[in-house]
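Subject: Handing over the structure

Hello,

Here is the structure I promised you. Please open it and keep it beside this email while you read.

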Amino acid sequence: MPFMGKKKPEPIRYECLEGLPVPAVCSERGVTYEHRLSDSENANSSKTPAWLVFILVVLFVIPLVMLLVVVAIFAVVIVLPIMMIFPSGRRKIRSKNYGRRHPCAVEIDRNPVAPGELVQGVLHLLKPGPAERIEINLICEEHITYRQGTNTYHDEKRVEERTLATFDEQDLARRPSELRFQFEFPIDAMHSFYSSNNRLSWSIEVVREYANASPVKTSAYFQVLPIPLIEGVLTERLNQPAPRESF
Amino acid sequence: MPKTEVTISLDRDAAIYAPGETVTGVVTLDVPDTENVRKVLAVLRWATSGKGDTDSDDMARTELVGKHEFRMGTHQFPFELTLPVAPVSYHGTLLKIDWSVHVRLDRPWAFDIKEDLAFEVV
């Protein structure tokens with residue numbers, strides 16, 4: 001049976017194109033054109049005109065930048081020198097500087113901690129500073145939030161404070177990069193508690209005292225388990241001691 | 001019209017429990033007249049009090065009775081609710097955490113009747 005439909009066109013042979021005058025590529029490197037095409041159909045319609053952008057910048061951005069510059073100049077030229085006149089101001093400025101330039105980090109061998117457990121920790125002095133005395137404290141704080149009308153207030157109260165370790169001038173003479181400490185967590189301690197407006201948190205507070213600056217305080221928060229989990233946690237951890245490489 | 005009285009009593013006199021324990025007791029309804037209820041619920045609830053805004057959560061609940069019409073007299077319903085591991089009772093400076101058994105009579109077209117009985121979790 002012969003083929004009755006449309007005759008299938010023969011494919012174009014590329015050899016035929018060889019002699020045709022194909023135009024040269026019109027784009028050249030470095031040449032730009034007036035109309036840049038967008039990847040959206042209506043992109044050009046919502047384009048902000050340049051004059052509007054200019055007005056917005058003049059009205060808002062430039063005054064804001066000027067205000068920031070004025071505030072910065074005021075702080076550096078007027079406030080800082082005035083603070084430096086008074087000894088307390090000097091101490092505050094120096095302590096801020098020390099806190100920023102000499103950061104520290106606290107590591108403990110377990111988190112969460114169960115009441116009654118022995119906890120080992122290390123204070124890393126990432127850039128040892130000229131601290132004269134370092135005190136490590138165990139802190140329990142209550143944090144609450146309350147609202148009056150449309151205002152929201154926060155309050156906090158330190159309900160437990162125990163000194164875990166103290167390092168004096170002799171300990172810090174060689175500018176150690178780490179200080180180790182250990183403590184037994186109180187067996188009768190309240191566990192960590194978090195709800196929307198009320199919080200009870202445990203932390204390790206590092207107080208670094210300097211000769212000519214206010215003390216710098218840094219806190220590291222950890223979790224405390226409720227009492228019924230003690231037995232399970234303790235037996236599990238006693239059988240499987242904490243890894244030493246965490247120090 | 002006299003109101004139905006709800007009384008909660010716990011099996012333990014001291015009303016002190018450990019986390020994870022089961023709180024058992026009896027809810028007594030003293031009905032002076034007929035009383036229609038949708039349900040009677042018993043709930044274990046912790047709630048904070050103190051300076052901050054209060055928070056609370058129902059940690060265990062049981063429906064003692066479904067839709068029912070109580071006749072005049074005294075009706076008793078035992079309940080059993082298991083405490084979670086946390087939080088425990090706490091009386092701090094700014095924050096207090098208290099536990100209670102909360103019973104609610106859900107009544108159609110009337111205010112619910114509620115009753116609480118506090119206990120300690122230590």
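Below is what I found, topic by topic.

Start with a caution. This is a predicted model. Keep the confidence values in mind as you read. Chain A has a mean pLDDT of 78, and 72% of its residues reach 70 or more. Strand 3 of chain A has the highest mean pLDDT, at 93. Helix 4 of chain A, residues 229-239, has the lowest, at 49. Then look at residues 241-247 of chain A, where the pLDDT is below 50. Beyond near neighbours in sequence, that stretch has seven contacts in the model.

Chain A in outline

Chain A has 247 residues, and 14% of them count as buried. Its elements are four helices and eight strands. Along the sequence, the pattern reads α-α-β-β-β-β-α-β-β-β-β-α. Now take the contacts in chain A between residues at least 6 apart in sequence. Of these, 66% join residues at least 24 apart.

Strands of chain A

Find the open sheet of three strands in chain A. Its strand order is 1-2-5, and the pairing is antiparallel. Which strands stand at the edges? They are strand 1 (104-108) and strand 5 (178-184) of chain A. Each has a single partner strand, so one side of each is left without a neighbour in the sheet. From one strand to the next, the twist averages 20 degrees.

Strand 1 of chain A and strand 2 of chain A, residues 118-125, are antiparallel and share five bridges. One example to click on is Ala105(A), whose bridge partner in strand 2 of chain A is His124(A).

Another pair is strand 7 and strand 8 of chain A. They run antiparallel and are joined by seven bridges. Together they form a hairpin, with six residues between the strands. Across this pair, Ser203(A) stands opposite Tyr221(A) of strand 8 of chain A.

Strands of chain B

Chain B has a hairpin to look at too. Strand 10 and strand 11 of chain B pair in the antiparallel sense, over seven bridges. Here Arg104(B) stands opposite Lys114(B), which is in strand 11 of chain B. The hairpin has six residues between the strands, and Trp109(B) takes a positive phi near 55 degrees.

Strand 11 of chain B also pairs with strand 2 of chain B, residues 16-17. This pairing is parallel, over two bridges. One bridge links Ile16(B) to Glu120(B) in strand 11 of chain B.

Where the chains meet

How many residues of chain B are in contact with chain A? There are 18, and they touch 20 residues of chain A. Two elements of chain B give two or more residues to this side: strand 5 (39-50) and strand 10 (95-106). The residues on the chain B side divide into nine nonpolar, six polar and three charged.

The cores

In soluble globular proteins, nonpolar side chains tend to be buried together. The largest nonpolar core here has 34 residues. Those with the most contacts inside this core are Val27(B), Val40(B), Ala42(B), Leu64(B), Val101(B) and Val103(B). Both chains contribute. From chain A, strand 3 (133-148) and strand 7 (198-209) each supply at least two residues. Strand 10 of chain B gives the most, with six residues.

Go back to Val40(B). Leave out residues up to four places away in sequence, and Val40(B) touches Leu64(B), Val65(B), Phe77(B), Val103(B) and Leu105(B).

Next, find Phe79(B) in strand 8 of chain B, residues 73-82. Why does Phe79(B) count as buried? Because Phe79(B) has 23 C-beta neighbours inside 10 Å, and the cut-off is 20 or more. Neighbours within four places in sequence aside, Phe79(B) is in contact with Thr24(B), Gly25(B), Val27(B), Ala42(B), Thr62(B) and Leu64(B). Also check Val23(B). Val23(B) and Phe79(B) are 56 residues apart along the chain, and their C-alpha atoms are separated by 8.0 Å.

Best wishes

Notes: Residues are numbered from 1 along each chain as its sequence is written. Chains are lettered from A and ligands numbered from 1 in the order in which they are written. This is a predicted model: local features need pLDDT of at least 70, side-chain atom pairs count only at pLDDT 80 or more; totals for chains, interfaces and linings use all residues. Two residues are in contact if their C-beta atoms, placed from the backbone, lie within 7 Å. Ala, Val, Leu, Ile, Met, Phe, Trp, Tyr, Cys and Pro count as nonpolar, Asp, Glu, Lys and Arg as charged, and the others, Gly among them, as polar. A nonpolar core is a set of buried Ala, Val, Leu, Ile, Met, Phe, Trp, Tyr and Cys residues joined through C-beta atoms within 7 Å. A residue is buried if 20 or more other C-beta atoms lie within 10 Å of its own, exposed if 12 or fewer, and partly exposed in between; C-beta atoms are placed from the backbone. Two strands pair if DSSP finds at least two bridges between them. Axes are lines fitted to C-alpha atoms, for helices over the stretch in contact, and angles run from 0 to 180 degrees between N-to-C directions. pLDDT is the predictor's confidence in each residue, from 0 to 100.
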